[in-house]
Amino acid sequence: MFTNKVTVTIKKDKKYLRYIQIIRQYDNSLSMAQIKDAMDKGEAVFGFDPKNNPIIQNGKDNSGIYLEESFIKTLRLLKKAGADMTVMDGSRECTEFSKVSSSKENTEKLIEQLFDARDETTVFSVIAKLKKAAKKSVSNRTMIIESLMKYSEQTRFTHLKSLVIPSINEIVIGNEKQYADFYIAKIDHGDSAEAYYAIEGYAKIMQKTSYDYLVEMLLSRKLDMECEALIVCELSNLSNQPFDKGSPYEKREWKDEDLKLADIEKWRNDGYPDGKGYEEPVTHKCLEHPNTPEEKIYAELNNRLKKRREQRKDKAHPAYWLIQADEPDIETIKNKINPPANYLDFLMKASPLNVEMNLKDYGVVSLYGAHNLIDGQIGYSIVPETENKTNDWPKDYIAIATCEANPFCIDVSQEDSPVYYAVHGMDEWTFDMAFETLMLFLKALK
């Protein structure tokens, strides 16, 4: 591998004693004082000469091949330990062993692969690696961001011009205002998809200083409805003004009245004051202070959902909540379904509100809550539009959750019913027991 005399210099840091230990395992003729002194002075700490190396490895074979392998192993151990090294093979730097140079070189190679990619699979694979590299190396972050921005302009795959932007949005952070021109150009001149993702990125880097531009774009009505709806949501999130409250969750379903243009114009004229935010859904005390075995399962389920709630930006449409059910919803359920006591207890104390969770061997499961349980029976026990009972559906079964439209059900005639599962589109419903009890089903949700 090496052709000339190799020298290794190492910057001294807090872990220098570990570096000394690794070096002396390779060459114990070097004293700790010698190594430390070389680090202090920025001189070569140790080295390897493929043409002339008299080192004897504790009586073992001291052939050139063995010694070179031992030297390379030492370099790798030092790099793994975090040593900031410069390894020179004569006048050539061996970048694969240099802490900073290696990272930069790898990033440059990835960027080159990105621009040379001839298929989308390669593009997304390289972008995923660049996102990881950006998190690991602050020094390379700027190069990665600027390269992705350049790629979004120059890519041969036209539709990727927009799909690259969400990856850029993941990497940039608040107050990186130097990237504002990129986002503004995408909003002003890109297609609707580019503009949509660029609105997210612009709001992220500009924070409250985004107000003037975003409000101007909203009031000008130059963008399509989804982009305008997103602007309202971003303004609401940044200001705690609930402009998006009561509007549809799906932005493509918004109408002109959902934009609250008059309210937003008044807000601008008032100097963009912060609002009071959104009220959180009402939760039952048992989620924090459970008493019964069932309440402990509800509390555990709630704890799994907390992180997802905290990460969710859309406060106008709460999700991943277990809430205290409204009394009118419970009365309707009692009258129309008459569920068993254990399921009714779950709905009253921990009713799922827009909750999706993973279930091993099944996939993503959507849970019905007290507010949508009755409507959730449509297409299963109830024929859509007519509200008549489905002939081939067991009369005592209700769907409590779905996985890709496949229902999880309980038998309301049983006090502690198993949870059954069926696959839709099979000409007739065939139910298999998925869990022996409702509580085991809830415990399995992650």
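Ile205 is buried, because its relative accessibility is 0% (buried means under 20% relative accessible area, exposed over 50%, partly exposed in between, with a 1.4 Å probe and protein chains only). Keep in mind that this is a predicted model: local features need pLDDT of at least 70, side-chain atom pairs count only at pLDDT 80 or more, and totals for chains, interfaces and linings use all residues. Residues are numbered from 1 along each chain as its sequence is written, and side-chain values use heavy atoms, with hydrogens and water left out.

**Around Ile205**
- Ile205 sits in helix 10, residues 192-206 (helices are DSSP runs of H or I with at least four residues, strands are runs of E with at least two, numbered from the N terminus).
- Leaving aside residues up to four places away in sequence, Ile205 touches a set of residues including Val172, Tyr179 and Tyr183 (contact means heavy atoms within 4.5 Å).

**Helix 14**
- Helix 14 covers residues 293-311 and spans 29 Å from first C-alpha to last, close to the expected 27 Å (1.5 Å times one less than its number of residues).
- Helix 14 also has a kink of about 35°, centred on Leu305 (the bend is the angle between axes fitted to the seven residues ending there and the seven starting there).
- Leu305 and Arg309 are among the buried residues of helix 14, and the packing partners of that buried set include strand 5 (321-323) and helix 16 (341-350).
- Arg309 lies over the face of Trp321, 4.2 Å from the ring centre (NZ of Lys or CZ of Arg within 6 Å of the ring centre and within 35 degrees of the ring normal).

**Salt bridges**
- The structure has 20 salt bridges (a side-chain nitrogen of Lys or Arg within 4 Å of a carboxyl oxygen of Asp or Glu).
- Glu153 and Lys186 make one at 3.5 Å, N to O. Glu153 is in helix 6 (residues 138-154) and Lys186 in helix 9 (residues 180-189), so the pair ties together parts 33 residues apart in sequence.
- Asp256 and Arg221 meet at 3.0 Å, N to O. Asp256 is in the loop between helix 12 (225-239) and helix 13 (261-269), and Arg221 is in the loop between helix 11 (211-220) and helix 12, so this bridge joins parts 35 residues apart in sequence.
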